[in-house]
Each structure stands twice: as C-alpha cells, then as structure tokens.
Amino acid sequence: MARFLQFDRVSFAYPGMAEPLLADVTAHFPEGTWTGIVGANGAGKTTILKLAAGEISPSGGSVRQIGRAQYAVQRTDAPPDEWDDFMDAWDPVAMDVRRQLGVSPDWAGRWDTLSHGERKRVQIAIALWHQPDVLALDEPTNHLDADAKRVLLAALKSFRGAGLLVSHDRDFLDALCSQCLFVFPPRIVMRPGGVTQGMEQDRLEQAHARDEHDSNAGKARRLMAAAQQRREAAEQSAARTNRLKAKKLPANDHDGRAKRQLAKLTNKDGWGFSQSSALRSRAAKLLAPDKSIRVDYEMGFWLEDAEKSARNYVAELPAGEIDLGDGRRLVHPELLIRPDDRIALVGANGIGKSTLVRKIVEHANVPPERLLVVPQEIGEEESRAIHADVKRLDRGPLGRVMTLISRLGSRPGRLLASTTPSPGEIRKILLARGVERGPHLIVMDEPTNHLDLPSIECLENALAEAPCALLLVSHDERFLARLTTVRWTLVRDGDVVRFNVTMR
C-alpha cells in the first residue's frame, strides 16, 4: 500500500490567536518525495510539521496520514525520550543509522557534553531508527559542519517514505527536495523542484500579478473617468428635465406628446445615473485587493548606535588550557580582541568552539550593556522568559524593539500574541535589544541558525557596516568570508585541541 500524507483544507490557530496561523491549506506529500517547507520565521512551518506527524490536530479540515510518523524537533536542549534505548540498541537498523550519521558509542550518557551539532545528528538518527512512513525534520542542518551535512544528505536520500523538511539552507533544500511548500500567509502554495526553482517561479508569478494589477488599475482609472462623465451628463440633463417639470404642460397637449417627452427625458436621466454607477462598480472590482500578490514589508537591519570602543582591547583571555571533558583539553595562546577586529572561529562539530566562546565572554573588557551575545541555542524556558520580559517593556522601548524586529522580517503583532515564539524570533528579539544599547563587541554563535533567508541577508548587511568588534562562530563560509578578516581555527590532535590563527 502506498504511503502518503494529505492536507485537506487544513486550518490551525493556537489559543488566544485573533486569526488562524494557517488557513485552508491543501497539499499532497507523496511517498518517496522530500518536500521543503519554506517561509519566514513565525509563518507556521513548524506547525505544519507537527500537524503532519500527528503531534497536534487541525482546528479545521483534515490531515490524512498513511503509516507511522516521526517528528525531529528544532531545539536541541533536551535529549529525545528514546536516547538511552537507542544507544543501547544493537539491532541492524540502529547500528546502520549510527554508522551513517557518525553517532559514536561513547556519546551514551553524556548528552550535556555533546555539541549541538552532535545532538542534532542523534535526533535524526533516532527518527530514522523508527523507520517511519512520514518523517518531519525541523532545521536538520542547524549546527552541522560541512562533513556532517554531506553525511546527513546521503542518509536522507535513502529514505523511501514521505519526507517534510523545514530549513533555511538553500543548498540542502535544492539537493534533497523535489517540491517545496511556500508558506507566505495568507497564501500557501506548492511548487515543483527545489527552493531556488520555486523562488524563481514565485518571483515570476509576483511580477505577472503586479503587472496585471497595474493594468487593471489603468482600466479602473479609465472607467472612473467615464463614470464621472456619465454622471455629469446625467446631472446636466436632470437639471433641464427639472426645469421642464417646473413649467405647466401646454393646455392643448390633447395627445399627451409633451407628457411622453418629459417621461422620456426622465428615463434617460435615470439610465445615465445607472450607467455611471455600473462603471464605478466595475472599477471597484478591478481595484479589489489581489490576494495572490504578497506584501513585501520594508526590511533592513541597522547598527546605527554601535561604535568602536576607546579601549585597547574589548576582550583579553590569557594563554592557557580549557578542560573539554572526557580527557580532552583545548590549548590556546593569549587571545586579544581589538576594538575593530572581525574574527571567525571555526572547527568541526564538538571540538570546543562554544566552550571557548563562553570563556572569552567571561573575559570581555567592555561594560555589560555594550556586550551583545547571541548564543548557539536558547532553551524553551529561557525563550519564554525573554518573550515575557519584552512584553513588559514600556511603550517607547517596546516600539523601538518591535520596529527592529519588523525590519528583520517578523510581524510584531503575531510575535507579541504568541505564547512561545520560534527560535528564529527569539534570536531576533536578542538582536534588537542588544543593538538598541549600542554594542562595542558582538559575539554570535552560529548566527544564521533558525533565521529565515531574508533575515540572514539583513543581518549580514548590518554586520558588514558595524564599526564595533565581531566574533562570529559559524559553518557558513559565505557569511564568514564577507564579514571577517581574522580566522581562529580549532584542530583536534588526539585528546588535545590546538589553536591556529590566520589572516584573510
């Protein structure tokens, strides 16, 4: 029996929402096909995955699912429920997926010491271990280095069920997906091919729709002009008719000719007004909002209050060693960050980058309010606290933060109404609040994780113009190539992680 997933006029709203997050979604996800789910942060992509996997039920419509479903969550702060069972399993499937995704036996029992990239591979391995018919993956390439992405791509290409993939990694979507569901509320549309092909099709459709709208606007203007002419003519004629009515009919109008002429003029006046109204109605229909045209809000993030520190160094970490656990240690020289340094910190998953970043932040030499730190992951409980803190801001500060968030592509009204913002939206809140304080040092661990594609471009443009110091940890080489001039590379040598410095 063929395995598939079908959405039939599905709608969904979280409690407290004035309008549904998703409305009238119809889509088919066939067996042997990967479908990319593409859209802005907070548009409802994760909700679609949860509906597909049966984690939540639709508010309206139906989700028809043939077979078993697995959902791999976006966050990596908590271990999956089957973590211990999976690591203890020695069945052929468990051994095969551990081999495919490079899940080492010595990872058992030490979730807290695994890097987020290693945790992500475990999440996906457990989902594949269940051999589902429907597999829903939320941001599977977050935190992964280039080698891990290649391993993951090969594993997912061998999956034979119906696959759904939420990702902002354009290359990965293009390599894996044969169709993409574009979530641009209120419009949600399925397009064939990868995300690049789909975005080009969207661009052409939007251009065609806008051309048609402009043409209709021209027709409407001409119809309104004709309607005005008809109305003016009818008003002039009605004035003449009224003057005739004011006169007494001739006494000798025995055959009623004058009366009939007056009635004819009255009918003609009424026809003129009716024609004017009909033309205005046709113009209004042409000017009606076209739901196929997406409103592109003004975007562009800026760092106008950021400035270069007057201090010699904005961070100073003495030479030393950092214990990484399990007998591993990171040996580093004295690390100095000057006020205008732009540094990339790179290395394989699990090598100690985030540990080193935390140590550097502890030795920052700037006032606390001038330090902007965006960590690699923000737990769900902390996310709720950040969200609640923002909602308590006074009107002025709240307005400034929401303006910045809006220019990063998220809708402030929807963000404030939500109970648990998406990881991408939480990162935007941290960015907005940090930027408002005028940073001297910006430290970002995997800055492009969770952010949608337009937001990544906005952030990149803003950081390119920032006058302050940057320390960026990322596997996104294009992002780093544009923004950094110094590279700190961590390289493993047995149980020792060594430090290399290169200039670009």
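**Overview**

Modeller: The protein has 15 helices and 19 strands. Both are DSSP runs numbered from the N terminus: helices are H or I with at least four residues, strands are E with at least two. This is a predicted model, so local features need pLDDT of at least 70, side-chain atom pairs count only at pLDDT 80 or more, and totals for chains, interfaces and linings use all residues. Residues are numbered from 1 along each chain as its sequence is written, and side-chain values use heavy atoms, with hydrogens and water left out.

Colleague: What share of the protein counts as buried?

Modeller: Of the 504 residues, 47% count as buried. Buried means under 20% relative accessible area, exposed over 50%, and partly exposed in between (1.4 Å probe, protein chains only).

Colleague: And the contacts?

Modeller: Among contacts with a separation of 6 or more, 70% are between residues 24 or more positions apart. Contact means heavy atoms within 4.5 Å.

Colleague: Which residues lie nearest its centre?

Modeller: Thr46, Lys50, Tyr71, Val73 and Asp138, out of 47 lining residues. Lining residues have an atom within 4 Å of a point. The elements giving two or more residues to this lining are α1 (45-52), β5 (69-72), α4 (116-129), α10 (380-391), α12 (412-417) and α13 (423-436). The largest share, four residues, comes from α1.

Colleague: How does that lining divide into nonpolar, polar and charged?

Modeller: It has 19 nonpolar, 15 polar and 13 charged residues. Asp, Glu, Lys and Arg count as charged; Ala, Val, Leu, Ile, Met, Phe, Trp, Tyr, Cys and Pro as nonpolar; the others, Gly among them, as polar.

Colleague: You listed α13. Is that helix mostly covered or mostly open?

Modeller: Mostly covered: 11 of its 14 residues are buried. Among them are Ile426, Ile429 and Leu431, but also Glu425, Arg427 and Lys428. The buried residues of α13 pack against β15 (371-374), α10, α11 (395-406), α12, β16 (441-445) and α14 (453-465).

Colleague: What comes just after α13?

Modeller: Glycine 438, with a positive phi of about 70°.

Colleague: Now charges. How many salt bridges does the structure hold?

Modeller: It holds 16. A salt bridge is a side-chain nitrogen of Lys or Arg within 4 Å of a carboxyl oxygen of Asp or Glu. One of them joins aspartate 389 and arginine 433 at 2.7 Å, N to O. That pair links helix α10 to helix α13, with its residues 44 apart in the chain.

Colleague: Are those two buried or partly exposed?

Modeller: Aspartate 389 is partly exposed at 34% relative accessible area. Arginine 433 is partly exposed too, at 23%.

Note on methods: On a 1 Å grid over the protein atoms alone, a cavity is a set of points where a 1.4 Å probe fits but cannot get out, and a pocket is an open set with protein on both sides within 12 Å along at least five of seven lines; lining residues have an atom within 4 Å of a point.
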